[in-house]
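Please read the sequence and the structure shown here before going on to the report.

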Amino acid sequence: MLIDRLSRLIFPGIAIWFSCYMLLEQYTGNYRSSTQTYVGGMAILVLLLCVPIVIAIIQGKDSADASGGTDDSNVPDKETRKKDAVRNFSRIGIVVGMAALLVYTFETVGYLIGFTLFLVISLRLLEVKKYWLIGLITLIAVAIVHFIFVQWLGVRMPAGVLQGYL
Amino acid sequence: MSGVQDGFMLLLSVMWVVPLGLLVGMFVGALPGLNSSGMLAVMLPLLILMPPEIGLIFTVSLYAGGEVGNSFPAVMLNIPGNASSAVTAIEGYPMTLRGEGAKALGICIMASTLGAVIGGLAAITAAPVLANFALRFSSVEIAIVIVFGLVAIAQVATGSLLKGIMAGALGLLVAAIGTDPIWGQFRGTFDSVYLYDGMPVIPVLIGLLGFSELLKIIENGAEKPKAQTLTSIGLQGIVSGFKSVLRKPLDWIPASATGLIVGIIPGAGSSVASFIAYQQSMAMAGEDDRKAFGNGSEKGLIAADTANNSMVGGSLVPLLTLGIPGSSSMAVMLVVMGYHNLQIGPLLFQNHPELAYAVLLSQFVASIFMLVIGTCLAWFAYRLASVPVNTFLPVVAVFCLIGGFAQNQYVFDMGIMLIFGVIGFVMKKNGYSVIALLLGVILGSLFEGHVNRAIMMGQGSFEIFFTRPLALLLWGLLFITLLGPYLVRWLRRSKQFQRSSVQGL
């Protein structure tokens, strides 16, 4: 329950942090009053709207999420559901982590190697068992990226270590 | 009339885009997991790199095709492509179980076609009239219309009204990042040179609509869909479905009107349109017909699928005339238009009438092709729902990353896409409206510009927002939208209370 409430505080927390940042920046920086009014007004509005939301979350009166969460209609017991939830959240964490690593190393590694590794690891992570299928999907996807996006549409993605060869 | 003629000639020159868009839309729509806005968000890098007329017509065709494609797995395998085809599954799948799967598909295709025709007709008649009216709007009215749009979205979208308004306001604040429009000072840039031009909209859009959806699918367990049995489809069955729809005008005409009206309301989307039309159809049905609802009712299926596609036409109206997207998919179109520096709002009909009419006319062309392509695809497209979701999710993730990179070709923007993807996922999990945040970001700079201009018009005073007659009318509409549902609820409760007091006596 505590973890659930803490997770519900993430988005309002981001909103509060950002509003405070914008307010402080406007009023401690050297800004004209016209821009201060607009940004200050919007930031205060967001803060005011966050207050009842945060209070409702802390009191446990927050409305249920509309997404419905995990579909557990075919999973009978609580333990299995918990295991599935942990597994799925770890997958999300790993996919996001890998994407972040890809973004961080994109210019060094290049699009071809970066996307290939990302696809292979993600497909394996998502339990695609057949290696030939992993190879085929990766090959087709990377070919689309290279021939359609890079060659045809002219999106200049960094080639990284393969600079000069692509 | 010359605008219509020019639009028609422009459409003729790029006619190939319509069937291609429908085909791709139907294929992708048939795949489980990705909804229309997610599909458009992922395809955004392709759409913006095309010439504007091709990109915009392709977007509308993709959208329309996606709404039809969603129906195939819903009917045949009880796997809705997205929320809007949930009703299609409720009524279509029982028809499949009793051996009328082909007929159900035929109903979906014909109902969608008729919905597209009516949506197109209404859009082409209403849009220029509304655009002319909107030309009278000054910065004051436009600023209020933007607020109205955000409030309307917060009202109808997922989660509570307060959360929706907060998300919209946050979006407007995020849009303030960049350069102050009057004095040119940087603000909220976190000292990053990449944010001097403001928050890049395309990575935000792809993150909030595309990448977050992907994370939601992984959260729900990206496994093989629970397919039932695969049945064969015959042309005779499909044609009998066509005839069934044509014999029931009292079902598809009101549903078209519903879809149209819902489409005009910003943020409502196809799921709202299909559910409202379905409920209306149930309410208007006779005693015997009502029993069939939930067990394979043709009337329910017709209503839902007609509304889905007429909504596409409806959602084009506020986009092309006021610059307010009627749905998250139309938000993608707004971004495409902005990328090509097209005048968004009523001036589009003045400065680029051929483009505006080409987009509106493309729906008629799409409806003709829909019948043919839908019939051909129906034979096998529903089998796409059996494609394991885990095989294409990483590919979609790669396209999202490319989409984030493509606009400015900065790796930084890929990071923005990722951040907003995670934020969008957290928002969806906790009942916040992603579309409200997105529209706040898209319309924020426009809103600030109009507010500043309005204040200059009022010589530094905010009074101008409350003295112009059009502005007062818009405030009135805004308050009705905001308070209307609460008023209706209060009236119902007081009637119930009165009834129970009378019964008690």
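## Basis

This is a predicted model, in which local features need pLDDT of at least 70, side-chain atom pairs count only at pLDDT 80 or more, and totals for chains, interfaces and linings use all residues. Residues are numbered from 1 along each chain as its sequence is written, while chains are lettered from A and ligands numbered from 1 in the order in which they are written.

## Chain B overall

Chain B has 22 helices and 2 strands. These are DSSP runs numbered from the N terminus: H or I of at least four residues for helices, E of at least two for strands.

For 505 residues, a compact globule would have a radius of gyration near 23 Å, and chain B agrees with 23 Å. The radius is taken over C-alpha atoms, and the globule rule is 2.2 Å times the number of residues to the power 0.38. Of the 505 residues in chain B, 62% are buried, that is, 20 or more other C-beta atoms, placed from the backbone, lie within 10 Å of their own.

## Helices α9 and α21

In chain B, the axes of α9 (residues 161-174) and α21 (residues 434-457) come within 6 Å and cross at roughly 40°. Axes are lines fitted to C-alpha atoms over the stretch in contact, and angles run from 0 to 180 degrees between N-to-C directions.

Residues of α9(B), including B:G164 and B:A167, meet residues of α21(B), among them B:G440 and B:G444; contact requires C-beta atoms, placed from the backbone, within 7 Å.

Technical notes
Two residues are in contact if their C-beta atoms, placed from the backbone, lie within 7 Å. A residue is buried if 20 or more other C-beta atoms lie within 10 Å of its own, exposed if 12 or fewer, and partly exposed in between; C-beta atoms are placed from the backbone.
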